[in-house]
Amino acid sequence: MRRILLLALCAACGGPRGGAEEPEATREEEIPLPPLPWVTPTSPAADHVVESPSVMLRGATVMTASGDILENGSVLFEDGRIVAVGQGIPVPEGCEVVDASGRWITPGLIDTHSHVGVYPSPGAAAHADGNEATSPTTPQVDASDSFWPQDPAIPRLLAAGVTTIQVLPGSANLIGGRGFTVHLVPQRSAEEMHFPGAPDGMKMACGENPKRVYGERHSAPSTRMGNVAGYRAAFQGAAEYRIAWRTWQEQWRGWRRKRIAFERARDAGTADAGEQESRYGVAVDAGPTKAPAPEDPGPEPPPPGRDFGKDALVGVMEGTVLVQNHCYRADEMLRMIELGREFGFRIRSFHHAVEAYKIRDVLAREEVAVSTWSDWWGFKLEAYDSVLENLALLAEAGARGVLHSDSPMYVQRFNQEAAKAMFDGRAAGIDIPENTALRWITANPAWVLGIHERTGTLEPGKVADVVVWSGSPWSVYTRVDQTWIDGRLAYDRAHPERTPRTDFEVGLGVDP
Amino acid sequence: MPVARTLPVARCLLPVSCFLFLLVLPGTSFAEVIALVNGTVHTIEGPRLERATVVIDGERIVSVGTGAPPAGARVIDVAGKVVTPGFVETQGSLGLVEISLEDSSVDARPSGGEAADAIRAAFLAADGLNPRSTLIPIGRRGGVTSAVSAPDGGLVAGRSAWIDLDGDTPDRLVARSPLALHVDLGDGGIAAGGGARSTAFGRLREAFDDARLYAKNKGAYDRRAFRETPLSRLDLEALGDALAGRIPVVIRTARASDVLRVLDLARELRLRLILAGAEEGWMVADRIAAAQVPVIVHPLENLPGSFSSLGTRYDNAARLAAAGVRVVLSTGADDGHGVRNLRQEAGNAVTHGMPLELALRSVTLEPARTFGMDRDYGSLAAGKVANVVVWSGDPFEISTRVERVFVRGRETSLVTRQTQLRDRYRRLPAPPAP
């Protein structure tokens, strides 16, 4: 619905080239092309304004994730944005100062792989909204349409310092649908929680899951070669769809040129034919004509049928929708990179990717990120070759590593799991600075979600998503004291009564 | 029911005899006297000792104290290190599953899912234990030296074994079998038992009733004059062992009201009950404490996973312990891939309110005591099986490394399939397979 409305708005304002504002529409290039259906983003605009008080967190060990670890440092923010980070920042007038001495401060944590809200708690049959496992290729579905904002996981994630998550469809399908990025400020709808300016993700899955789900039904795919044939068919369809729309654009423009010429000839002597509204949503100034009388070009050529799934896949090929690819085995990841080359798309991040260490040179060269766990393994054969040093080896090779969760429990101890990967790497002789480990759960996931300009580090201008820890985030005994989102206090351990509560948890009679 | 098997202590006095011994029994290490000196020793039963000496002779600990090491012992200086008993994981199917989704590598349950019998009391974990499972050295690298390896699924999953995490043969792996009977009255078990609490409890009562009658009338059974029962003779025997108190019964349940029903059922049947899961146990902690029933808790749970566990909280372990319940900490009932994280689970129990010394006891002595294995396991004391771990620091802290692991007195390798893969790919491209 949202997308249809936006498309209509875009059309009404005159199309991508704004031709209606031009006084002379006689030259061919000034007849605007009608808009394409896949260009509209689904998230709210990035320039939204948030009001929040001026707050300074003072006297902490500040880990910026952009390289610095500042002793006795401060973070100042106002109106949802970080204003300053450093030592000895002067306190502005009217600023609320929070004494954070003895504490640690990091950016809000970010998870690239969550099913919060689409596989919420409790895990009831009625809540299983994460896999549209009725067809192996469902790029037309969107996780935001399943997302339940009353998932009891949401306040718990806040209490764990998590501020942003990408909610993805599951991995039953080869192409499972759009994922969306959630800013964890509890609201009543997915729309209101959508991270402003975040591009959509496209969930794809390799290997065992799709071939098992469909193979058990004796339908395709039932093999890995069936999987690849499935992706290829889907992207070929999308490529043809893109050609069909672009061909139609040119046909339409040709028709429009002839139509304008025809109308001008018909209305010869009229200074201004006035603005005309196309049936297909493009307003054009019909201006005065100088051409000889041409023939009526006939009816306007109708556009190709709209296909929301193909829109999304064309978005993938145009780079506006980021591929989030569940894929464990090294050989399959290489295969997917090749497939991307064949159809002109890039994979933003492999997910799970327990064998990424085997191809870390390629992943670094191709700039494909790796979202993985610290130590989950063995639940299926493609997860057998896990090593504890996966993230450390990737970091050493210059590849972009990300700690992800796929679990509403695991994400609540992201700091501990990153610490495990850091210390395991160091024990194996791989130099992993604290900043590198912190980036696994902040800056690097922000890049995977395409929001690295806006969040993921503590730098002036970035969104004021900030976590105050009771001690070093790498200790098992450390807890989150405060979580700030958009410059507002979203969780405060000292005031449990202020912790957001979901509707689901009201009146269950299970409180101490 | 053999108690922890003791190999004859093979002291090698002469190099030649050692050599011959090794020739005769390849793979079996000869016994030696080992003294770990200068460490911070958590004995668990006694006080923590600084700069202490732990002496291991053969499979057993022979002394723990502050004296000098015995002459001739291999002395290992562990100054600045922490020495504890090896940790014990009490849930999951370690050694019964290699890859969870690969049926041919799964021996924790019969295949067939829901079609399988709901009551499989005769199912014996020891039949399927694989001493060469790659999970065993991986678990050991996390400081876990023993585990309760249990079947799962159904209403009555079968009987577990106590295993030590070392050895190439099942007899070296298994210290006691059958160890306990495992029953599920959580959501999965209720589904297997007919889909309602009443059908599941009813089937369980009927099964125990059949077993009680069978124990008194084996002759009638053999003459086919026994009443109709869906259970096999071996099922009836296994249930009879539990009724007679020869083995404890682990019952998994979550909801507070179910915990109370299970306490009643166990009293009625006079079972040696161990509660597992008990996510809402904190709500009825006083009743559990009064019944003197131990509880196996998975600390890292705080979501209402189902309508049976709406009250799940991180501080369940701390609250139960504060009420006087004997708490055992566990990584949860999975296939055993994650047992190395027992120390992290225990650390989180501390973070959420459990005293550190108690948490340490809850992964060592309390599990041993709960399963009736504390004569041989769970603390550092003379006469106990020498399952000993040397840590670089606080065992629960993430930065701490496991430096040495002794299982039954033998220092074990910390090489795993995972470290071998890591080393194989330390430089790229990897060498071709040999």
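**Where the chains meet**

Modeller: Let's start at the contact, which takes 33 residues from chain B and 36 residues from chain A; two residues are in contact if their C-beta atoms, placed from the backbone, lie within 7 Å. Bear in mind that this is a predicted model, where local features need pLDDT of at least 70, side-chain atom pairs count only at pLDDT 80 or more, and totals for chains, interfaces and linings use all residues. Residues are numbered from 1 along each chain as its sequence is written, while chains are lettered from A and ligands numbered from 1 in the order in which they are written.

Biologist: Which element gives the most to the side of chain B that touches chain A?

Modeller: Elements here are DSSP runs numbered from the N terminus: helices (H or I, at least four residues) and strands (E, at least two). The top giver, with 5 residues, is H12(B).

Biologist: How many residues of H12(B) are buried?

Modeller: A residue is buried if 20 or more other C-beta atoms lie within 10 Å of its own, exposed if 12 or fewer, and partly exposed in between. What covers the buried residues of H12(B) includes helix H10 (414-427) of chain A, along with helix H11 (316-322) and helix H13 (356-361) of chain B. For helix H12 (residues 342-351) of chain B, the buried count is 10 of its 10 residues.

Biologist: Is Ser219(A) buried or exposed?

Modeller: Ser219(A) sits in the loop between helix H4 (208-215) and helix H5 (224-266) of chain A. Because it has 12 C-beta neighbours inside 10 Å, Ser219(A) counts as exposed.

Biologist: At what angle do the axes of H6 and H8 of chain B cross?

Modeller: Axes are lines fitted to C-alpha atoms, for helices over the stretch in contact, and angles run from 0 to 180 degrees between N-to-C directions. Helix H6 (residues 197-216) and helix H8 (residues 233-243) of chain B have axes that come within 8 Å, crossing at roughly 90°.

Biologist: How far apart are the centres of domain 1 and domain 2 of chain B?

Modeller: Chain B is divided into domain 1 (9-86 + 378-434) and domain 2 (87-377), with bounds from an automatic or database domain assignment. Taken over C-alpha atoms, the centres of domain 1 and domain 2 of chain B are separated by 29 Å.
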